[in-house]
Amino acid sequence: MARLPPEPPSGEITPEALYSRRREFLKNAALFAGTAAAAGAGLVALTGGGRSTPAKVAPEPLGTSAVPFPVASTPRIIKPSRFDTDEPPTSFEDVTHYNNFYELGLSKSDPAEYGALIRPRPWTIKITGEVKQELTLDLDTLLGWFPLEERIYRMRCVEAWSMVIPWLGFPLGDLLKRVEPTSRAKYVAFTTLQDPGQLPGQKHKVLDWPYVEGLRIDEATHPLALLAVGLYGKSLLGQNGAPIRLVTPWKYGFKGIKSIVAIRLTEARPKATWNESAPEEYGFFANVNPKVDHPRWSQASERRIGELRRRPTLPFNGYAEHVASLYTGMDLTENF
Amino acid sequence: MKPAQNAATPLLFPRGPLPWLKPGLFLGSLIPVVSLAIGTARGTLGANAIAEGLNRLGLLALIFLVASLTCTPLKTITGAVWPIKVRKMLGLYAFFYAALHLLTYAGLDQGLDFKAIFSDIVKRPFILVGFSAFVLLIPLAVTSTAKMVKRLGFAWWKRLHRLAYVAATLGVVHFFLRVKKDVTEPTIYAGILGALLAIRIAAWGVERRARPA
């Protein structure tokens, strides 16, 4: 006869009432966990916390990418430049993943996600207006005209953040000289590609597409003004304005029009997209000026991407010694 | 089966129906803080982590404020009592996130530069509106306890807490002023807020008409 196992001590016996509530307990526990998870997930989703961070992209080595950059052979790159800042450059990751390019989406991470939609070749640029002869140029032809220079510039966004970017490009002034502006050419107007297939943000009329920008001719021919085709020694990615964009480091970043397809020399001041959209917030000149605040925030300081503490913003973004003379006699508060 | 009523059921399961609701919401409402903390530690908040944190905390404050204002109309429409049971907690979470938002702005974004903060508040409607919304939430948080309801008297307490609508409206205006161009999101919150207010006004009208002359 088998022996019965000893009875457990009475203290270990589950009270009957509790035993019968086990089901209730489990149900409540499940509902509790479900509520917490649903509320948490909902809140994170509503505040954009669930947005996936785009995969890290490696820069394409010269000449090996799908983009034959800039011509078949590796170009000679002139550096250093007398305009270089010795401040440490912002990481490639941040330069290519924190962008304002509304044609590729409104969030800072959208451009990196959709940048590959831009087909950088073949690419033609029209040069029209007050020039000796109007031209339609293949980008690679244009790139054969000038040696590429590396320029390590500060970039100050109107939103009070900044970066240091090693651009690759050629002076806009060199191109203008070559196309021979007429004596009536007082301004230079730029236009971004208009193609919602490559720039899906253009399906939404957030701004009046295509994006246009403009410079006074003396600004455009200043040696600091660059047409950039690369950064960090590599061809530009879509999010940075592939295949060719403007860089004017003494002005707020939005002046640096991206993915340019047309350059027109004009007698009258051209339109500029943000200036047209909100003239009280974004001026035509848009020179970096710590004394002229944006209506909604101060421009006196900025956050350098990668740094915690703000730093003071410098007049003309620190390029005053080079460009301040362009604006002698102008009221910079009036003409912001 | 009857709801748990035994002393052996711990804090997690208070008496009454839906014992899981309040603790579940309480825990879930803290998850965004955890998500932000993990994001900060792992460096996945993007290149401008402070701006990202600031945006998320501000939006959370607005979401909780709107959620707390949904409770009464929800009860009016459905007759369910549970929204009222979580209303105070949602309101306090709105205050909690608004405080974190303000602290992030003052401490991390401005680096406790009080001169800059003060001039921001007086010079910029965008900042002033947001700051005012937070200031309005302070008396509401302070008077959120049952004791305070008693001290003020329910009628006065109710009147005072209508300020939540003013705070939420200021919050939505702050949001509108924040965005550069795309007003879709602020418009959605403005719509919800408008609808909630409309329901209250309608319910108030019905109540008045029902009252004997």
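Two strands pair if DSSP finds at least two bridges between them.

Strand β8 of chain A covers residues 226–231. Six of its six residues are buried, so β8(A) is largely enclosed by the rest of the structure. Strand β5, residues 161–171, pairs with β8(A) in the antiparallel sense, over five bridges. Within β8(A), A:Leu226 stands opposite A:Pro171. Strand β10, residues 245–247, also runs antiparallel to β8(A) and is joined to it by three bridges. Here A:Leu226 stands opposite A:Val247 of β10(A).

A:Gly230 stands opposite A:Ser235 in β9(A). The two strands form a hairpin, with two residues between them. In the turn, A:Tyr232 has a positive phi of about 55°.

Elsewhere in chain A, A:Leu142 lies in helix α5, which covers residues 139–145. The cut-off for a buried residue is 20 or more other C-beta atoms within 10 Å. A:Leu142 has 21 C-beta neighbours inside 10 Å and therefore counts as buried. Neighbours within four places in sequence aside, A:Leu142 is in contact with A:Ile125 and A:Leu137. A:Gly283 is 141 residues from A:Leu142 in sequence. Their C-alpha atoms are 31 Å apart in space.

Confidence in chain A averages a pLDDT of 89, and 90% of the residues score at least 70. Over residues 52–73 of chain A, however, the pLDDT is below 50. This stretch still has 37 contacts in the model beyond near neighbours in sequence. Where pLDDT is low, the predicted coordinates should not be read in detail.

Chain B has nine helices and zero strands. Its pattern along the sequence is α-α-α-α-α-α-α-α-α. The C-alpha trace of chain B spans about 55 × 50 × 35 Å along its principal axes. Chain B has 213 residues, of which 30% count as buried. Among contacts in chain B with a separation of 6 or more, 63% are between residues 24 or more positions apart.

Helix α9 of chain B comprises 27 residues, 184–210. At 1.5 Å a residue, α9(B) should span 39 Å. The end C-alpha atoms of α9(B) are 39 Å apart, which agrees with that expectation. α9(B) is hardly covered. The count of buried residues among its 27 residues is one.

The contact between the chains takes 36 residues from chain A and 35 residues from chain B. On the chain B side, the elements giving two or more residues are α1 (21–42), α2 (49–78) and α4 (114–123). Of the elements of chain B, α1(B) gives the most to this side, with ten residues. By class, the side of chain B that touches chain A has 21 nonpolar, nine polar and five charged residues.

Methods: Residues numbered from 1 in each chain as written. Chains lettered and ligands numbered in written order. Predicted model: local features only at pLDDT ≥ 70, side-chain atom pairs only at ≥ 80, totals over all residues. Buried ≥ 20, exposed ≤ 12 C-beta atoms within 10 Å, placed from the backbone. Helix = DSSP H or I, 4+ residues; strand = E, 2+ residues; numbered from the N terminus. Expected span 1.5 Å × (residues − 1). Contact = placed C-beta atoms within 7 Å. Nonpolar A, V, L, I, M, F, W, Y, C, P; charged D, E, K, R; others polar. pLDDT = per-residue confidence, 0-100.
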